[in-house]
Amino acid sequence: MDLNVKPLGRTCAASGDDLVPGSDCFSALVERDGQLVRLDFAADAWTGPPDGALGFWRTRVPESAAPNARQFDAETLLRYFEQLSEDPNPAQERIRYVLALALLKKRRLRIESTRQDGETQSLELAGTRSEGPFIVRDLQLSEQDIEQLQTELNSRLAAEWP
């Protein structure tokens, strides 16, 4: 059975107030006019599941994305990656690595092989439309470093690729 339930809403079903990012809330699944409907409630407005609820759960309102954060499509990311790859600059290596990870995640690049040169491991990448090959040093960055570099990358792309 496929259930199509909307993601967490922005407002409390009881009070109409905005749900605050980072706060706890409750969600309930009810049937209305033959459709499954998700209702979200701020924790302080929760008085228990609504009549006829099929289920309910406690969850946390996700933190808001950075204001004006823009999502870039795989083609834009690949063009920027290719630009950085044409003239590899050690100062850009970390941004290039994060771009490569994003393109791997978006399935626009694939790993062809890995290379070990002493202590240094590199990835040989190719585009899904025959771009490359691209050699990227595997920097093994922490999640925190990657998040910071993604923010920097988004700022650069927004400024350079409007």
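1. Does threonine 114 count as buried, partly exposed or exposed? The model in view is a predicted one. In it, threonine 114 has a relative accessibility of 48% and therefore counts as partly exposed, since exposed would require over 50%. Threonine 114 belongs to strand β4, which covers residues 109–117.

2. The surroundings of threonine 114 may be taken next. Once its neighbours within four places in sequence are left aside, threonine 114 is in contact with Gln121, Ser122 and Leu123.

3. Read from the N terminus, the elements follow the order β-β-β-α-α-β-β-β-α. The radius of gyration is 22 Å, well over the 15 Å that the globule rule gives for 162 residues, so the chain is more spread out than a compact globule. Along the principal axes, the C-alpha atoms fill a box of roughly 65 × 35 × 35 Å.

4. Of its 162 residues, 33% count as buried. Among contacts with a separation of 6 or more, 51% are made by residues 24 or more positions apart. The accessible surface amounts to about 10,900 Å², and carbon and sulfur atoms contribute 45% of that area.

5. As to charge, the chain carries 19 positive and 27 negative side chains. The centres of these two sets lie 2 Å apart.

6. The aromatic side chains deserve a separate point. The count of aromatic pairs comes to four. One of them joins phenylalanine 26 and tryptophan 46, which are stacked at 4.6 Å centre to centre with 10° between the planes. This pair links distant parts of the chain: phenylalanine 26 is in strand β1, whereas tryptophan 46 is in the loop between β2 and β3 (55–60), 20 residues apart. Phenylalanine 26 and tryptophan 46 are both buried.

7. An edge-to-face pair is formed by phenylalanine 81 and phenylalanine 134, at 5.0 Å centre to centre and with 75° between the planes. Phenylalanine 81 lies in helix α1 (residues 74–86) and phenylalanine 134 in strand β6, so this pair ties together parts that are 53 residues apart in sequence. Phenylalanine 81 has a relative accessible area of 0% and is therefore buried. Phenylalanine 134 is also buried, because its relative accessible area is 9% and the limit for burial is under 20%.

8. Which residues form one aromatic cluster? The members are Phe26, Phe41, Trp46 and Phe56. The stacked pair of phenylalanine 26 and tryptophan 46 thus has both of its residues in this cluster.

9. Serine 23 is placed in the segment before β1. At 25% relative accessibility, serine 23 counts as partly exposed. Not counting residues up to four places away in sequence, serine 23 touches Thr59, Arg60 and Val61. Between the C-alpha atoms of serine 23 and arginine 38 the separation is 18 Å, the two residues being 15 apart along the chain.

10. Aspartate 33 has a phi near 50°, although it is a residue other than glycine. Its position is the loop between β1 (24–32) and β2 (35–42). Because its relative accessibility is 80%, aspartate 33 counts as exposed. Glutamine 140, which is not a glycine, has a positive phi of about 50°. Glutamine 140 occurs in the loop between β6 and α3 (143–160), and at 59% relative accessibility it counts as exposed.

11. Where does proline 133 lie? Proline 133 is in the loop between β5 (120–127) and β6 (134–137). The peptide bond that leads from glycine 132 to proline 133 is cis, and its omega is near 10°.

Terms used
Residues numbered from 1 in each chain as written. Predicted model: local features only at pLDDT ≥ 70, side-chain atom pairs only at ≥ 80, totals over all residues. Heavy atoms only, no water. Helix = DSSP H or I, 4+ residues; strand = E, 2+ residues; numbered from the N terminus. Buried < 20%, exposed > 50% of the residue type's maximum accessible area, 1.4 Å probe, protein only. Rg over C-alpha atoms; globule rule 2.2 N^0.38 Å. Contact = heavy atoms within 4.5 Å. Areas by Shrake-Rupley, 256 points an atom, 1.4 Å probe, with all protein chains shown as cover. Lys, Arg positive; Asp, Glu negative; His and termini not counted. Charge placed at Lys NZ, Arg CZ, Asp CG, Glu CD. Phe/Tyr/Trp six-rings, centres within 6.5 Å; stacked < 30°, edge-to-face > 60°.
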